[in-house]
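Please find below a colleague's note, written for a reader who is new to protein structures. The sequence and the model are shown first.

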Amino acid sequence: MTEPQPCIAAIDPGLTGAIAFLFPGEVGQVTVEDMPLAGGEIDSGRLRRRIVQMAPTIVVIEQVHAMPKNGSIASFKLGMAYGAARAAIEAAGVPTHLVTPNTWKKHHKVPGKTAGGEEAARALAIRLFPGSADSFGRVKDHNRADAALIAAYAANKLLRTGEA
């Protein structure tokens, strides 16, 4: 009997965030979806159900933190979204790995937001996942690109080295 193919779920948290599902054996392809929302908040129940449905081996979530320059309301919303995503992962019972934005961006050589990082992330996601290029076609799809690149980071660094 063959062992099931590993699946990596990666989450770019936030109300405009996204989730990616990467099967490392399917080269050049990734499934990305916008974060499920209900009532202006992350729908953690729907997110949990989607994670369970895709049955990932590991979930990698970007470990975000408040940034004073973003203001208290934005920081609160980001913290709530991050907490809802973490709760959905925990409820799904899937092992979790946290990765800082600096870590996965350095791995992919993606610059910071002020240096054009959002567009660079989209362009890199299109190159790495040509079979899924339509998922990154709009300027606002940079969060989908981030989730896909977090998944690619996990495939390269965590699964291959056994850190996961």
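The numbered points below take up salt bridges, one asparagine and a pair of helices.

1. The model under discussion is predicted. Side chains of opposite charge can pair when their charged atoms come close. In this structure there are 6 salt bridges, and the next points examine some of these pairs.

2. Aspartate 34 is paired with arginine 144 in a salt bridge, with 2.9 Å between the closest N and O atoms. Which parts of the chain does this pair link? Aspartate 34 belongs to strand β3 (residues 31-34), whereas arginine 144 belongs to helix α5 (residues 142-159). The two residues are 110 residues apart, and the pair thus links distant parts of the chain.

3. Are the two partners buried or exposed, wholly or in part? Aspartate 34 has a relative accessibility of 41% and therefore counts as partly exposed. Arginine 144 has a relative accessible area of 15%, which is under the 20% cut-off, so this residue is buried.

4. Aspartate 141 forms a salt bridge with arginine 138, and the closest N and O atoms of this pair are 2.7 Å apart. Aspartate 141 counts as buried because its relative accessibility is 2%. Arginine 138, by contrast, is partly exposed, its relative accessible area being 38%.

5. A further salt bridge joins the side chains of aspartate 141 and arginine 144, at 3.7 Å from N to O. Both aspartate 141 and arginine 144 are buried. Through salt bridges that share partners, Asp34, Arg138, Asp141 and Arg144 form one network.

6. Asparagine 143 also deserves attention; this residue lies in helix α5. Its relative accessibility is 10%, and it therefore counts as buried. The side chain of asparagine 143 makes a polar contact, at 3.3 Å, with the side chain of histidine 142. Which residues does asparagine 143 touch once its neighbours within four places in sequence are left aside? The residues in contact with asparagine 143 are then Asp12, Thr16, Gly17 and Ala18.

7. The last point concerns helix α1 (residues 44-54) and helix α2 (residues 72-92), whose axes come within 8 Å of each other. How are these two helices arranged? Their axes cross at roughly 45°, so α1 and α2 are oblique to each other. The crossing is right-handed. On the α1 side, the residues that meet α2 are Ser44, Leu47, Arg48, Ile51 and Val52. On the α2 side, the residues involved are Ala84, Ala85, Ala88, Ile89, Ala91 and Ala92.

Conventions: Residues are numbered from 1 along each chain as its sequence is written. This is a predicted model: local features need pLDDT of at least 70, side-chain atom pairs count only at pLDDT 80 or more; totals for chains, interfaces and linings use all residues. Side-chain values use heavy atoms; hydrogens and water are left out. A salt bridge is a side-chain nitrogen of Lys or Arg within 4 Å of a carboxyl oxygen of Asp or Glu. Helices (H or I, at least four residues) and strands (E, at least two) are DSSP runs, numbered from the N terminus. Buried means under 20% relative accessible area, exposed over 50%, partly exposed in between (1.4 Å probe, protein chains only). A polar contact is a pair of N or O atoms within 3.5 Å; within protein, one must be able to donate a hydrogen and the other to accept it, and residues adjacent in sequence count only if both atoms are side-chain atoms. Contact means heavy atoms within 4.5 Å. Axes are lines fitted to C-alpha atoms, for helices over the stretch in contact, and angles run from 0 to 180 degrees between N-to-C directions. Angles under 35 degrees count as roughly parallel, over 145 as roughly antiparallel, 65 to 115 as roughly perpendicular and the rest as oblique. A crossing is left-handed if the near helix is turned anticlockwise from the far one by less than a right angle, and right-handed if clockwise.
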